[in-house]
Amino acid sequence: MTAVYLTDRSVSEIMKENVKTKQKEATRKKIMDVSLNLFSSEGYDTVSMAKISKGVGISKGNLYNYFESKDKMLSEIVLNAVKEIYRDFDANHDGEISHEEFIQFIYDVFENVKANQKFWKLMFSLLLQPKMLEIIQTKLGTISQNIMGLFYSYFSKQYPDDMETELVYFSSLLKGALMQYAFAPEVMNIDKLRDKIIAHYSSESH
């Protein structure tokens, strides 16, 4: 076995590299936070790279070292949000949603929005902008198709007589509840609403 010897200089270089990596990650996160804030409050089409760089506190040239365009920023923001929401969706990766996984998904979504209310307020504000939902669905591509495929399969088995109506009802119910909480958390008890929705779908299990 070959021994690896670390000199004081090599240790110092590793530490410096780790610091640089953490700084880059922190800057990247700040860029995404600032851009989401601006996209939501001022409109995606009106926000420029110059405005984002000013908000972050870095030069426009440095901003391009992280993202080549605001379109790339939007893509990463959306992908990260979707991955977070659907992180444990189809937890056993068998290509199907069990009733237990479906109920757990409802619980996890409510917990995520509750823990990140300000972020989701900005995301919903962005989604409500003209044509933005269509743009985002295009960016998600196969990810969106795979998720919808799992939902279609589950609802087809649970509600074979009127699957489409039940799926639209569920989607509207969930989005409406989460959006209302994101914009006005003080006017509702999100835990009671979550439990009511879970109880509804638990009692309708086939």
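User: Is Lys131 buried or exposed?

Analyst: This is a predicted model, in which local features need pLDDT of at least 70, side-chain atom pairs count only at pLDDT 80 or more, and totals for chains, interfaces and linings use all residues. Residues are numbered from 1 along each chain as its sequence is written, and side-chain values use heavy atoms, with hydrogens and water left out. Buried means under 20% relative accessible area, exposed over 50%, and partly exposed in between (1.4 Å probe, protein chains only). Because its relative accessible area is 67%, Lys131 is exposed.

User: Where is Asp90, and what is its phi?

Analyst: Helices (H or I, at least four residues) are DSSP runs numbered from the N terminus. Asp90 sits in the loop between helix H4 (70-85) and helix H5 (99-115). Its relative accessible area is 8%, so Asp90 is buried. Asp90 is not a glycine, yet its phi is positive, near 55°.

User: How far apart in space are Lys157 and Met73?

Analyst: Lys157 belongs to helix H8 (residues 142-158). In sequence, Lys157 and Met73 are 84 residues apart; in space, C-alpha to C-alpha, the distance is 38 Å.

Technical notes: Helix = DSSP H or I, 4+ residues; strand = E, 2+ residues; numbered from the N terminus.
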